[in-house]
Amino acid sequence: MSDCLFCKIAAGEIPADKVMEEDDLVVFRDINAQAPTHLLVIPRKHIASMNDVTVADAALLGRLLDACRRAAAHEKLTEYRIVNNCGESAGQSVFHIHLHLLGGRSLGWPPG
Ligand code: 5GP
Ligand code: ZN
């Protein structure tokens, strides 16, 4: 999608601190980190939010989760949190689906 921040980061049109780049996904550091490790895991395919996922995306979502696991290992984390915010009131501000991978500190529950 031409007017999407994360599509542009995936395409290399906007710089980001990338830690993994694969055929179908990209992992990069959040610009406003909320923990010592705060990574964003995104598909290259533009999907606006969880509400726009179809069953045809099931394997891709599995790949995103597997990328979280591998990115956590890359960061030497065995304890971490994976978050998806879906919709504005749930905290979504960028409408290109992404998983937050947070770790490196104690994380409270429930989230705010
Ligand atoms: P959301 O609020 O949609 O769940 O998460 C979007 C995340 O993207 C936020 O944590 C925000 O800090 C991050 N973000 C927004 N703009 C940029 C950017 O230009 N570069 C990077 N690396 N992260 C960004
Ligand atoms: Zn996009």
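Two strands are taken to pair if DSSP finds at least two bridges between them. The close-up views below show a predicted model.

**View 1. Strand β5 pairs with β4 in the antiparallel sense.** The two strands are joined by four bridges. Within this pairing, V83 stands opposite H100 of β5.

**View 2. Strand β3 also pairs with β5.** Strand β3, residues 37-43, runs antiparallel to β5, and five bridges connect them. H38 has L102 of β5 as its bridge partner.

**View 3. Strand β5 is covered on both faces.** In a regular strand, side chains alternate between the two faces of the sheet. On one side of β5 lie L99, L101 and G103, and on the other H100 and L102; all are buried. Thus five of the five residues in this strand, which spans residues 99-103, are buried.

**View 4. Four side chains coordinate the zinc ion (ligand 2).** The donor atoms are SG of C4, SG of C7, ND1 of H46 and ND1 of H96, at 2.0 to 2.3 Å. The angles among these four donor atoms are 105 to 116°, and the site is tetrahedral. Along the chain, the donors have the spacing C-x2-C-x38-H-x49-H. Because H46 lies in the loop between β3 and α2 and H96 in the loop between β4 and β5, the pair ties together parts that are 50 residues apart in sequence. H46 is partly exposed, at 26% relative accessible area, whereas H96 is buried, at 0%.

**View 5. A nonpolar patch lies on the surface.** The patch is formed by L65, Y80 and I82, which together have about 250 Å² of accessible area. I82 belongs to strand β4, residues 80-83. I82 counts as partly exposed because its relative accessibility is 34%.

Key: Residues are numbered from 1 along each chain as its sequence is written. Chains are lettered from A and ligands numbered from 1 in the order in which they are written. This is a predicted model: local features need pLDDT of at least 70, side-chain atom pairs count only at pLDDT 80 or more; totals for chains, interfaces and linings use all residues. Side-chain values use heavy atoms; hydrogens and water are left out. Patches are made of residues with over 30% relative accessible area and no salt bridge: like charges are joined within 9 Å, nonpolar side chains (Val, Leu, Ile, Met, Phe, Trp, Tyr) within 5 Å. Accessible areas come from the Shrake-Rupley method with a 1.4 Å probe; for residues, only the protein chains shown count as cover. A salt bridge is a side-chain nitrogen of Lys or Arg within 4 Å of a carboxyl oxygen of Asp or Glu. Buried means under 20% relative accessible area, exposed over 50%, partly exposed in between (1.4 Å probe, protein chains only). Donors are N, O and S atoms within 2.8 Å of the metal (3.2 Å for Na, K and Ca); water is not among the atoms, so sites may look incomplete. Four donors count as tetrahedral if all angles lie between 85 and 135 degrees; four count as square planar and six as octahedral if opposite donors are over 155 degrees apart and all others between 65 and 115; anything else is irregular.
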